[in-house]
Amino acid sequence: MTDGYYSSKKTDDICEDVCGQASRVGLTMSRLRCMLRGFDLKTLFFVFVFIPVFIFGIYLHGQKISYFLRPLWESPPKPFIKIPHYYHENVTMERLCKLHGWGIRESPRRVFDAVLFSTEEDILTIRWKELYPFITQFVLLESNSTFTGLPKPLFFASNRHKFKFVEPRLTYGMIGGRFKKGENPFVEEAYQRVALDQLLRIAGIEDDDLLIMSDVDEIPSAHTINLLRWCDDIPSILHLQLRNYLYSFEYFVDNNSWRASVHQYKRGKTRYAHYRQTDLLFSDAGWHCSFCFRHIRDFIFKMKAYSHYDRVRFSHYLNPKRIQDVICKGADLFDMLPEEYTFKEIIGKMGPVPHSYSAVHLPAYLLNNSEKYKYLLPGNCKREGG
Ligand SMILES: *[C@@H]1O[C@H](CO)[C@@H](O)[C@H](O)[C@H]1NC(C)=O
Ligand SMILES: *[C@@H]1O[C@H](CO)[C@@H](O)[C@H](O)[C@H]1NC(C)=O
Ligand SMILES: *[C@@H]1O[C@H](CO)[C@@H](O)[C@H](O)[C@H]1NC(C)=O
Ligand SMILES: *[C@@H]1O[C@H](CO)[C@@H](O)[C@H](O)[C@H]1NC(C)=O
């Protein structure tokens, strides 16, 4: 600041020295010319340097600017009503239900777990192993199209032999993509979710059965599902509050994942959805691990196939070396600001996600098979190439 002040002062002095030598008569004129000259330089600077730099800045960071100003144009959604969650392995189910104000049933409800599958094979294994003891039918639908209309191999069909352990409880469905060019990705997504409703009926879901609606990477903890299937008078729809992780369980982001939900199925009424369906949120009910992939190529595929595909603004975002660096730093793949509703939260979350060294209370299958899933545990950010 001081530097700038002194140098502009200096320029004034020089102008005074040079122009000040004019005759008394021409003084006013040359003053004016002097001012104009100064003005011209400033104008030229403004037009040819400042404006281009400004426009280039907007081009590079426009998204950040609009995200940062989000609190000004968007108010936060209505807060959830948080339901306390009680659990300890040594407390009886009757007592646990009572702690929540619920009764206990004579036999547990049947539970259906339904997902739309894309590529996340490892996370699917961890999810199904976690929930296996309590699930009546696993329902999986995959398409040969991504939400953005790119052709996609049938990853599940070609790896089905790796999931022998669920085979007796599996209802698998495949749906052909519509491949409509330039369409909003949410339309293809909605189309696939409607197909999932039909697949659920094929799987034999009936009134009062529990239905888990969530993405593959939103994993309810086993004890949460066990509690909900045993207790009576639970709310008919509950969102699940999950711990958000990014890239692996090394990067704990926050406790704010809420999209997963559990429904008491009602024929003709229950529709498979991934948006807010009630105000009730059941606390501390599992994990949401976003972009938790084994290979760099899975990151590239997901970035292209993602519903918000407009986020890949520059092709260098897809450079494997950059992606590896971003993962090890806990930075953002799309170089964006956190999507929050208050300046306090935006500023608090700016910069990389800090490393976490806690691997306490993670899915049991992950810890039982830590060698195979090493990349998901703290201290192992390096991914396999390709
Ligand atoms: C839980 O119960 C088992 C078996 O009764 C007992 O050995 C163990 O000490 C208990 N754990 C805690 C933390 O109370
Ligand atoms: C997608 O699947 C449908 C239905 O099986 C098929 O007709 C279509 O040719 C497939 N498209 C691609 C690109 O694989
Ligand atoms: C998330 O929840 C856990 C326990 O439910 C708590 O220990 C932790 O402090 C919470 N973290 C944040 C960032 O809110
Ligand atoms: C983890 O390993 C223990 C001991 O082998 C086993 O009893 C338990 O069922 C396993 N849990 C999962 C989810 O794999």
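Which residues of helix 9 (residues 296–305) are buried? The close-ups below start there. This is a predicted model, so local features need pLDDT of at least 70, side-chain atom pairs count only at pLDDT 80 or more, and totals for chains, interfaces and linings use all residues. Residues are numbered from 1 along each chain as its sequence is written, while chains are lettered from A and ligands numbered from 1 in the order written.

**View 1. The buried residues of helix 9.** They are Ile-296, Asp-298 and Phe-299 (buried: 20 or more other C-beta atoms, placed from the backbone, within 10 Å of a residue's own). These residues sit on the same side of helix 9, because they cover an arc of only 155° around the axis, taken from the directions from the helix axis to the C-beta atoms. Helix 10 (320–329) is part of what covers them (contact: C-beta atoms within 7 Å). Helices are DSSP runs of H or I, at least four residues, and strands are runs of E, at least two, numbered from the N terminus.

**View 2. Strand 1 beside strand 13.** These two run parallel, joined by three bridges. Here Ile-81 stands opposite Leu-280.

**View 3. What surrounds ligand 2.** Look for Asn-144, Pro-151, Gly-176 and Gly-177, with C-beta atoms, placed from the backbone, within 6 Å of the ligand.

Methods. Buried ≥ 20, exposed ≤ 12 C-beta atoms within 10 Å, placed from the backbone. Contact = placed C-beta atoms within 7 Å. Pairing = 2+ DSSP bridges.
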